[in-house]
Amino acid sequence: MRKINKKILLLSTIPPCSNYSGGQVLEQLCQFLPKNSLVCFILLDKSLHPEISKELSWMPMEYFSKPADGWPKLPLYITPILSFFGEMYHSLFTTRILAKKVIAYGKKHQVDCLWVTLQGQTTIRLARKVAQGLGVPLLTEVWDDPEWWLKDNHIDKISSKLILKNFTKDLKFSEKCATAGWAMANVYQKE
């Protein structure tokens with residue numbers, strides 16, 4: 001593994017914070033890092049209001065509205081059709097726009113490494129694109145099984161297949177991957 005000398009770019013759907021469970025996990029992990037070694041690009045749901053602790057107030061953070069992760073459960077075949085066209089739009093257009101913004105942010109801060117929480121289809125789609133665009137190693141972290149996430153957010157079968165394929169490629173491309181537990185780590189290691 002390449003040695004990380006200067007800065008890590010954290011790409012996540014929640015910042016290291018004290019008032020949301022995922023943010024609390026990140027907050028604990030970030031406190032192990034030296035001051036000025038981390039910058040964050042956060043794809044935040046507009047309904048969330050994270051509270052950043054004083055210990056991490058030194059971290060530069062860029063916020064951008066997260067694209068919709070889920071689709072409403074509607075009668076008949078409306079949800080899968082809505083999901084398919086919405087996910088194709090995000091895959092073809094939104095991901096490109098976001099990747100350019102994250103890459104520009106990473107270059108501005110001269111990052112040496114990309115750390116991505118693979119939480120939902122947006123970060124799954126962005127992980128490799130951003131790492132390749134920056135020319136830096138990719139470190140990934142998985143909290144929830146993406147299959148559960150896709151079902152829970154009513155993502156159609158075709159989009160789900162493509163997202164899971166991207167997820168597998170992200171894991172293979174990663175220099176290191178952390179998971180929420182040993183069982184998950186064993187499954188991903190075997191695959």
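In which sense do strand β5 (residues 138-142) and β6 pair, and over how many bridges? The two strands pair in the parallel sense over four bridges.

The model is predicted, with local features requiring pLDDT of at least 70 and side-chain atom pairs counted only at pLDDT 80 or more, whereas totals for chains, interfaces and linings use all residues. Residues are numbered from 1 along each chain as its sequence is written, and side-chain values use heavy atoms, with hydrogens and water left out.

**View 1. The open sheet.** Six strands, in the order β3-β2-β1-β4-β5-β6, form an open sheet with parallel pairing. β3 (61-65) and β6 (176-179) stand at the edges with a single partner strand each, so one side of each has no neighbour in the sheet. From one strand to the next, the twist averages 15°. Strands (E, at least two residues) and helices (H or I, at least four) are DSSP runs numbered from the N terminus; pairing requires at least two DSSP bridges between two strands. E141 has A178 of β6 as its bridge partner.

**View 2. Helices on the sheet.** Helix α1 (residues 21-30) packs on the sheet and touches β1 (8-12), β2 (38-44), β4 (113-117) and β5, its direction making about 150° with that of β4. Helix α2 (residues 78-108) also packs on the sheet, where it touches β1, β2 and β3 and makes about 160° with the direction of β2. Contact means heavy atoms within 4.5 Å; axes are lines fitted to C-alpha atoms, for helices over the stretch in contact, and angles between N-to-C directions run from 0 to 180 degrees.

**View 3. The bend in α2.** α2 bends by about 40° at H90, the bend being the angle between axes fitted to the seven residues ending there and the seven starting there. Q110, with a positive phi near 50°, follows α2.

**View 4. The second largest pocket.** Of the 12 residues lining this pocket, L29, W115, L139, E141 and A178 lie nearest its centre. β5 and β6 are the elements that give two or more residues to its lining. On a 1 Å grid over the protein atoms alone, a pocket is an open set of points with protein on both sides within 12 Å along at least five of seven lines, and lining residues have an atom within 4 Å of a point.

Methods: 1 Å grid on protein atoms, 1.4 Å probe; cavity = no way out; pocket = protein on both sides within 12 Å on 5 of 7 lines; lining within 4 Å.
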